Amino acid sequence: MNLRKFIRWPSPLNVAVHLRGVDELLSNSNPLAPLSADETRRAAEIRSLPRRNAFVAGRKLAREVLSVPLDCAPEAVPILAESNGNPVSIGEGIQFNVSHCGDWCAVAWSAESAVGVDVETIRPVPSMTALVRNFFPSAAQRAFDSAAPQNRAKVFFHWWTQIEAALKASGRGLDDSFDCLDQVLHETCDAVPGVALAVAAEGRGPLTITWHLP
Ligand SMILES: CC(C)(COP(=O)(O)OP(=O)(O)OC[C@H]1O[C@@H](n2cnc3c(N)ncnc32)[C@H](O)[C@@H]1OP(=O)(O)O)[C@@H](O)C(=O)NCCC(=O)NCCS
């Protein structure tokens, strides 16, 4: 009997993650050029300059990155806004997600799965312990509790970014934070000093991540 006919092997998942500086993304003469009319309008409505810059950089990076697999110009990448605020692409089954924090902007994409990405600059957070108690899974709580005080912010963002990425990939909310990591594949990257970066994808894997770092 050929068992292969009866066994459903998990499909491999390939995810690319791109991390870039907001300032660098905005440094050319017209960073708004690749954005759609909707995105340009939305950017104009954002009053805070850092938030506006982060939004423009995120969409610029998403368009740049997705133009390669979609084989089109960045301005032609079809991006629609979902009602929950998550931008989606309607091209070739490609799914993507954007995150920004401080001077950093990240985009993850996959042709095989829904993805979520989160980037955070590692910084002091006054309510860190309460957030850990209220939202972190037990393994993350134990890791935080056993970290030396000077490492706690790093451990906090190591887990926080994974939780955010998992919630974004699965379309769930913070109420599901305790078990969200069990529902997705997830991985972190700590190659950039001072930055926590994590990605999550729905599915069973095996997961292969290509990190594109500055
Ligand atoms: C809404 C949320 C995604 C914002 O996250 P954040 O850490 O403040 O900001 P990030 O920079 O990491 O992510 C923001 C980007 O994620 C994307 N995004 C927005 N809403 C999203 C959602 N519901 N799911 C996935 N991605 C979303 C957008 O691209 C947004 O950037 P843009 O508006 O400039 O394009 C965050 O609150 C979150 O992850 N919550 C958990 C999931 C959740 O509660 N979703 C809300 C369900 S309605």
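Glycine 116 has alanine 200 of β8 as its bridge partner. This pair belongs to a predicted model, in which local features need pLDDT of at least 70, side-chain atom pairs count only at pLDDT 80 or more, and totals for chains, interfaces and linings use all residues. Residues are numbered from 1 along each chain as its sequence is written. Helices (H or I, at least four residues) and strands (E, at least two) are DSSP runs, numbered from the N terminus. Two strands are said to pair if DSSP finds at least two bridges between them.

**The three-stranded sheet**

- Three strands in the order β6-β8-β7 make up an open sheet with antiparallel pairing.
- Its edge strands are β6 (115-121) and β7, each of which pairs on one side only.
- Neighbouring strands of this sheet are turned by 15 degrees against each other on average, direction ignored. For such angles, axes are lines fitted to C-alpha atoms, for helices over the stretch in contact, and values run from 0 to 180 degrees between N-to-C directions.
- β6 and β8 run antiparallel and are joined by seven bridges.
- β7 also pairs with β8 (residues 195-201) in the antiparallel sense, over five bridges; here histidine 186 has alanine 200 in β8 as its bridge partner.
- The hairpin of β7 and β8 has five residues between the strands, and glycine 194 takes a positive phi near 80 degrees in it.
- Helix α6 lies across β6, β7 and β8 and runs at about 150 degrees to β6.

**The four-stranded sheet**

- Four strands form a second open sheet, in the order β4-β5-β1-β9, with mixed pairing.
- β4 and β9 (207-212) are the edge strands, each pairing on one side only.
- From one strand to the next, the twist averages 15 degrees.
- Seven bridges connect the antiparallel strands β4 and β5, and asparagine 97 has alanine 108 in β5 as its bridge partner.
- In the hairpin of β4 and β5, with two residues between the strands, glycine 102 takes a positive phi near 55 degrees.
- β1 (residues 13-21) and β5 (residues 104-110) pair in the antiparallel sense over six bridges, with leucine 19 opposite alanine 106 in β5.
- Helix α3 lies across β1, β4 and β5, at about 35 degrees to β5.

**Burial and the nonpolar core**

- A residue is buried if 20 or more other C-beta atoms lie within 10 Å of its own, exposed if 12 or fewer, and partly exposed in between, with C-beta atoms placed from the backbone.
- β4 is mostly covered, as seven of its seven residues are buried.
- In a regular strand the side chains alternate between the two faces of the sheet.
- In β4, Gln95, Asn97, Ser99 and Cys101 point one way, while Phe96, Val98 and His100 point the other way.
- The largest nonpolar core has 56 residues, and those with the most contacts inside it are Ala106, Val107, Ala108, Val115, Val199, Ala200 and Ala201. A nonpolar core is a set of buried Ala, Val, Leu, Ile, Met, Phe, Trp, Tyr and Cys residues joined through C-beta atoms within 7 Å.
- α6 provides the largest share of this core, 10 residues.
- Leaving aside neighbours within four places in sequence, alanine 200 is in contact (C-beta atoms, placed from the backbone, within 7 Å) with residues including Val115, Gln162, Ala166 and Leu185.

**Exposed positions**

- Aspartate 182 is found in the loop between α6 and β7 (185-189), and counts as exposed because it has 9 C-beta neighbours inside 10 Å.
- The C-alpha atoms of aspartate 182 and alanine 166 are separated by 9.0 Å, with the two residues 16 apart along the chain.
- Alanine 44 is found in helix α2 (residues 37-45) and also counts as exposed, because it has 10 C-beta neighbours inside 10 Å.

**The shell around the ligand**

- Of the 16 residues around the ligand, Gly85, Asn86, Val98, Ser99 and Lys168 come nearest. A residue is near a molecule or strand if its C-beta atom, placed from the backbone, lies within 6 Å of it.
- α3 (49-70), β4 (95-101) and α6 (152-170) each supply at least two residues of this shell, and β4 gives the most, with four.
- The shell comprises five nonpolar, eight polar and three charged residues. Ala, Val, Leu, Ile, Met, Phe, Trp, Tyr, Cys and Pro count as nonpolar, Asp, Glu, Lys and Arg as charged, and the others, Gly among them, as polar.

Notes. Contact = placed C-beta atoms within 7 Å.
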